[in-house]
Amino acid sequence: IKSVLLPESYDLRDYIDVEVKNQMNVQSCWAFSSTSALETNILLNQNEKWNFSERHIEYATASNFTDGENPGSLDREVASGGNSYVSFAYYARGDGPILEEDMPFENNNDVISINDLPTGKTVKQVEDMKFFPSISKSFDSNNNLIYKNGSTVLTEDQLKDIRDEIKEHIMKYGAISTIIYYNTTYYNNETHAYNLNTTQWTNHVVTIIGWDDNYSKDNFLYKPSTDGAYIVLNSWGDSWGDNGIFYVSYEDLLIENYLGGIKETSDIDYDNIYQHDTSVLSAYMLCQYSANVFTSTQNE
């Protein structure tokens, strides 16, 4: 990473067509963000324009249907929220992505029949994904910002290395899904600048598409100590913000947590997938031995 010379500013919109989507009244911001990460990766690296279904991610990972439970659910219900960990698990196990036309967007969170959930329509194989070290932030007694990864306090060099890793991914592989806490209290409607400076938990998922190291700290209602901001794609349509995007300070307390991006995709090269992986993330498993046992329906 250190060998890569990163520009002071970068915006994916200067290189590819970044679509601004509108989730309207549905609680699927996380699915919209992950889809944007995937679509920008394919467009940037393969020069292919795709439109994938966010609604399918929402329902294929949910448990509740009008006529029973979904055996492939990821411990969530429709409209209960999610993040890139959920949607990337959906990609990894081959449930998607599927085309928008195969399960089009609807402006509702209605529980549907399991028979109305399209299956077997995956059109791309997600080969490799990237989760970044989370940067948690808090203020000490002197109101100085402390940066940590887990329980480890980050040095300036370590903080820069992580941010360079984020920036390099955007340039090479496309947008990154991440979390924020959104409240208009922290949003400057004139400059489209946002900086959360109080402890909150996330309520929204957005997509980082670039950065500007020189973005003035004076643009924020709650002024950070330094210049610099991520260029962030929202999913509230192009009439919101600056044509659908806004600028989030590097010092925003949540913007650098739960970051995930797509690194590689390919065309489908299999007929069937056999697996027992119906979870999101597992840290470790204590056992003496293990085996996967699958039943094939034909000679393969």
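User: Where is the place of Leu 44?

Analyst: In this predicted model, Leu 44 belongs to helix α1.

User: Why is Leu 44 called partly exposed?

Analyst: Its relative accessible area is 25%. Buried requires under 20% and exposed over 50%, with partly exposed in between. Leu 44 is therefore partly exposed.

User: Which residues does Leu 44 touch, not counting residues up to four places away in sequence?

Analyst: Leu 44 touches Leu 12, Ile 16, Ile 170, Met 171, Lys 172, Tyr 173 and Gly 174. As for Tyr 91, which lies 47 residues apart from Leu 44 along the chain, the two C-alpha atoms are separated by 19 Å.

User: Why are α1 and α4 called oblique to each other?

Analyst: The axes of α1 (residues 29-46) and α4 (residues 156-173) cross at roughly 60 degrees and come within 8 Å. Roughly parallel needs an angle under 35 degrees, roughly perpendicular 65 to 115, and roughly antiparallel over 145; the rest count as oblique. The pair α1 and α4 is therefore oblique.

User: Which residues of α1 and α4 meet?

Analyst: From α1 come Asn 41, Leu 44 and Asn 45, and from α4 come Ile 170, Met 171, Lys 172 and Tyr 173. The residues of this contact divide into four nonpolar, two polar and one charged.

User: What makes strand β11 mostly covered?

Analyst: Strand β11 spans residues 204-212, and eight of its nine residues are buried. Buried here stands for a relative accessible area under 20%.

User: How do you know that β8 pairs with β11?

Analyst: Pairing takes at least two bridges between two strands. Five bridges join β8 (residues 176-180) to β11, so the two strands pair. They run antiparallel, and Ile 180 stands opposite His 204 in β11.

User: What joins β11 to β1 and to β12?

Analyst: Three bridges join β1 (residues 9-11) to β11, in antiparallel fashion; here Tyr 10 has Trp 211 as its bridge partner. Five bridges join β11 to β12 (residues 229-233), again antiparallel, and Ile 208 is partnered by Val 232 in β12.

User: What makes β5 and β7 edge strands?

Analyst: The open sheet of three strands has the order β5-β6-β7, with antiparallel pairing. Strands β5 (136-139) and β7 (152-153) each pair on one side only.

User: How many bridges join β5 to β6?

Analyst: Four bridges join β5 to β6 (residues 145-149). Phe 139 has Leu 145 in β6 as its bridge partner.

Key
Residues are numbered from 1 along each chain as its sequence is written. This is a predicted model: local features need pLDDT of at least 70, side-chain atom pairs count only at pLDDT 80 or more; totals for chains, interfaces and linings use all residues. Side-chain values use heavy atoms; hydrogens and water are left out. Buried means under 20% relative accessible area, exposed over 50%, partly exposed in between (1.4 Å probe, protein chains only). Helices (H or I, at least four residues) and strands (E, at least two) are DSSP runs, numbered from the N terminus. Axes are lines fitted to C-alpha atoms, for helices over the stretch in contact, and angles run from 0 to 180 degrees between N-to-C directions. Contact means heavy atoms within 4.5 Å. Ala, Val, Leu, Ile, Met, Phe, Trp, Tyr, Cys and Pro count as nonpolar, Asp, Glu, Lys and Arg as charged, and the others, Gly among them, as polar.
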